[in-house]
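Here is a friendly tour of helix packing and salt bridges, written to be read alongside the coordinates.

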2 protein chains.
Amino acid sequence: MDYANLSPVKFRHLVRQGQFTGPTSGYCPGYTQANLIIVPQADAFDFLLLAQRNPRPCPVLEVADVGSRQLHQFAQDVDLANDFPRYRIYRDGQLVQEVTSLDDIWRNDFVAFLIGCSFSFEAELMAAGIEIRHITEGVNVPMYDTNIELLGAGKLQGQMVVSMRPIPGSQIAKAVEVTAAMPRVHGAPIQIGDPQAIGIQDLNHPDYGDPVTIMPGEYPVFWPCGVTPQNVVRQSKLPLVITHAPGHMLITDVINQDLK
Amino acid sequence: MDYANLSPVKFRHLVRQGQFTGPTSGYCPGYTQANLIIVPQADAFDFLLLAQRNPRPCPVLEVADVGSRQLHQFAQDVDLANDFPRYRIYRDGQLVQEVTSLDDIWRNDFVAFLIGCSFSFEAELMAAGIEIRHITEGVNVPMYDTNIELLGAGKLQGQMVVSMRPIPGSQIAKAVEVTAAMPRVHGAPIQIGDPQAIGIQDLNHPDYGDPVTIMPGEYPVFWPCGVTPQNVVRQSKLPLVITHAPGHMLITDVINQDLK
């Protein structure tokens, strides 16, 4: 069966029924994929405030109603407890379990946040003729911890995580233009070149993901990364946080172009 | 003393000391003026979520920390309990008191929200050569209830309020361009012409503010209005809501141009 070209709702049905449990990269091309963070209501204000104060690394696409597994804006016929192929459960900051359904642990005080993802702007960059090196090399995007302090919110505080894509000097302006037009999926780069300026010592050893080749004439270009809020909520040792497993996203009904 | 050209911080000091208690229109020209909504922490998540879901009528400029009268982004040396010239206190949806200081009722669970205001974009419209009729006529901007449903959030639900400015057909495109570039102060119009389409029956009888003249060749242009969130929190009969008194705003340290 050709899963890649299913409609988003049919793809979500497969995931919901447990027939697809893998990474979602490349599926339903053109449709927005979203990150997930779930916290109990007691911590939901702090998290929403963290996102309000740091929209570049934490672009909220939609917040579900308290206790609800449904969405109003980004998808119809959705079950947030089953439509991500894989979830991670953290207690007191520690990963305790990876599951393919949240049926057994769902609570009426859970608040689910959908967060924008750079998959959306990578499609636009490629459409603009810009090569995405980690896609060419078939690896995960390199991501780095930085010394860029977030504006804290209540119990939540931390530094920004960035993703890096090498871009030739002749195409950097175009890459900025394309991504600046998409603030709901991180927007423009936060730093171009000079990794040390944001506390990155060695590009060959990313903190998450894989290293990629930087060719002569290319500069490392750094974007705010959706791993940021996940790290912050884990580091703050909230009693319970649930996220999607890396790469195992929700495919929404919204096309990337509509995020402009 | 020439109050109008004081720096924002000096103006706030005057207000804080009770030496200025009037409307702020025309003071500290070029600087962003902000609306206020304060709710206790128990209702703060619902309000922030209402704003996240309805950013056009509820553009949040900044949220203060729980219990704090300070800001981090829009002003230094600020006291949110005293730096608005006048406040209104609502209990169970009823206006019970108008005061010039919140010292006597401030609580450690108060959360203050600064909301963007169309004062900011009016300056830019005038700079673009567009006449603002209610300023020419020396009255308050006309505002109307509409049938445009907001996306609800928890206990909070209601319809959008809009402000109206008549614009000649030749300048409407420019007015859209200018305001679309300022999403933090309501952004582009929500409706151009045809008031009935959004539930407005009689332009001569605004629900708030004053009627203005519409000349031949002009069309009524409607923008989302910051009265919207105030109405919603009052109509929902929250136990306690504090707002600024209409026109009695906070003058921040941020210039309007920086809201683009």
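## Two helices crossing

In chain B, α3(B) and α5(B) cross in a right-handed sense. This is a predicted model. The axes of α3 (residues 119–127) and α5 (residues 172–180) of chain B come within 10 Å, with a crossing angle of roughly 135 degrees. The two helices, α3(B) and α5(B), are therefore oblique to each other.

On the α3(B) side, the contact is made by Phe121(B), Glu124(B) and Leu125(B), which meet Ala175(B), Val178(B) and Thr179(B) of α5(B). Sorted by type, the residues of this contact are four nonpolar, one polar and one charged.

Lys260(B) sits in the segment after β11 (250–255) of chain B and Glu124(B) in helix α3, so the bridge ties together parts 136 residues apart in sequence. Glu124(B) is buried at 12% relative accessible area, whereas Lys260(B) is exposed at 53%.

## Salt bridges in chain A

Over all chains, the structure holds 30 salt bridges. One of them joins Asp253(A) to Arg12(A), with the closest N and O atoms 2.8 Å apart. This pair links strand β11 (residues 250–255) to helix α1 (residues 8–16) of chain A, 241 residues apart. Arg12(A) is buried, with a relative accessible area of 1%, while Asp253(A) is partly exposed at 32%.

Glu98(A) and Arg86(A) form another salt bridge, their closest N and O atoms being 3.5 Å apart. Glu98(A) is partly exposed at 36%, and Arg86(A) is partly exposed at 23%.

Methods
Residues numbered from 1 in each chain as written. Chains lettered and ligands numbered in written order. Predicted model: local features only at pLDDT ≥ 70, side-chain atom pairs only at ≥ 80, totals over all residues. Heavy atoms only, no water. Axes fitted to C-alpha atoms, helices over the stretch in contact; angles between N-to-C directions. Helix = DSSP H or I, 4+ residues; strand = E, 2+ residues; numbered from the N terminus. Parallel < 35°, antiparallel > 145°, perpendicular 65-115°, else oblique. Left-handed = near helix turned anticlockwise from the far one by under 90°. Contact = heavy atoms within 4.5 Å. Nonpolar A, V, L, I, M, F, W, Y, C, P; charged D, E, K, R; others polar. Salt bridge = Lys/Arg side-chain N within 4 Å of Asp/Glu carboxyl O. Buried < 20%, exposed > 50% of the residue type's maximum accessible area, 1.4 Å probe, protein only.
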